[in-house]
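Thanks, everyone, for making the time this morning.

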Amino acid sequence: MARTLAQILSDARQIFGQPDASNSQVTDAQLTIWANDAYRKVATALEVIPIKTRDYTTATGDITLNALSVSVDIARYEDENGDFQPLTIIGLNELSKMDPNFEGADTGNPNYIARTGTFTVRLYPPPKAALVGETLRLSGLEMPTELSASTDVPDLPGNMQDI
């Protein structure tokens, strides 16, 4: 059963023997920081949770990813017919070897997507004019949204919350 942040904090207080928040050496704010640290570590260790799918707008240069993005595991772009076409995910080194002038490449139907920075990707070849502004759909691992409200529930299976 998934536990709320309030339940997680209460459980933590029981573990270290200070169940009364008003008479404790550790504040709820500090416990929340620790809970979020653990949450990120569990999500990272599992390498599959949470998987998110996000839509971006295709562009001829770098496309900025959500700040929680860790990996891009599946990539597709919307063609002129509204169908989603798969993209091959490659590294920037591989893209540079394929085309040392990839930044000035002619436009066309993209075949590849490469991570160009911590939170940026680039389509290759750059999309032709008819595709600019269409949807780029990416799926991958994201860091979880921090728990802050007492009713927030981690995006983890219940049995993983004990970790």
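**Charged pairs, a sheet and one arginine**

Let me begin with Arg 3, which forms a salt bridge with Asp 11, the closest N and O atoms being 3.1 Å apart; by salt bridge I mean a side-chain nitrogen of Lys or Arg within 4 Å of a carboxyl oxygen of Asp or Glu. Please keep in mind that this is a predicted model, in which local features need pLDDT of at least 70 and side-chain atom pairs count only at pLDDT 80 or more, while totals for chains, interfaces and linings use all residues. Residues are numbered from 1 along each chain as its sequence is written, and side-chain values use heavy atoms, with hydrogens and water left out.

How many salt bridges does the structure hold? There are nine, and one of them joins Arg 54 to Glu 142, with the closest N and O atoms 2.5 Å apart. Because Arg 54 lies in strand E1 (residues 51-57) and Glu 142 in the segment after strand E8 (135-141), this pair ties together parts that are 88 residues apart in sequence; strands here are DSSP runs of at least two residues, numbered from the N terminus. Arg 54 is partly exposed, at a relative accessible area of 30%, whereas Glu 142 is buried, at 4%, where buried means under 20% relative accessible area, exposed over 50%, and partly exposed in between, with a 1.4 Å probe and protein chains only.

Another salt bridge brings together the side chains of Glu 80 and Lys 128, at 3.0 Å from N to O. Glu 80 sits in the loop between strand E3 (74-78) and strand E4 (84-86), and Lys 128 in the loop between E7 and E8, 48 residues apart.

Now to the sheet, which is open and mixed, with four strands in the order E2-E7-E6-E5; two strands pair if DSSP finds at least two bridges between them. Strands E2 (63-64) and E5 (88-90) stand at the edges with a single partner strand each, so one side of each has no neighbour in the sheet. E2 and E7 pair in the antiparallel sense over two bridges, and Thr 64 stands opposite Thr 120 in E7.

Strand E7 (residues 120-124) also holds Arg 122, which counts as buried because its relative accessibility is 12%. The side chain of Arg 122 makes a polar contact with that of Asp 62, at 3.1 Å.

Methods. Polar contact = N/O pair within 3.5 Å; in protein donor to acceptor, adjacent residues only side chain to side chain.
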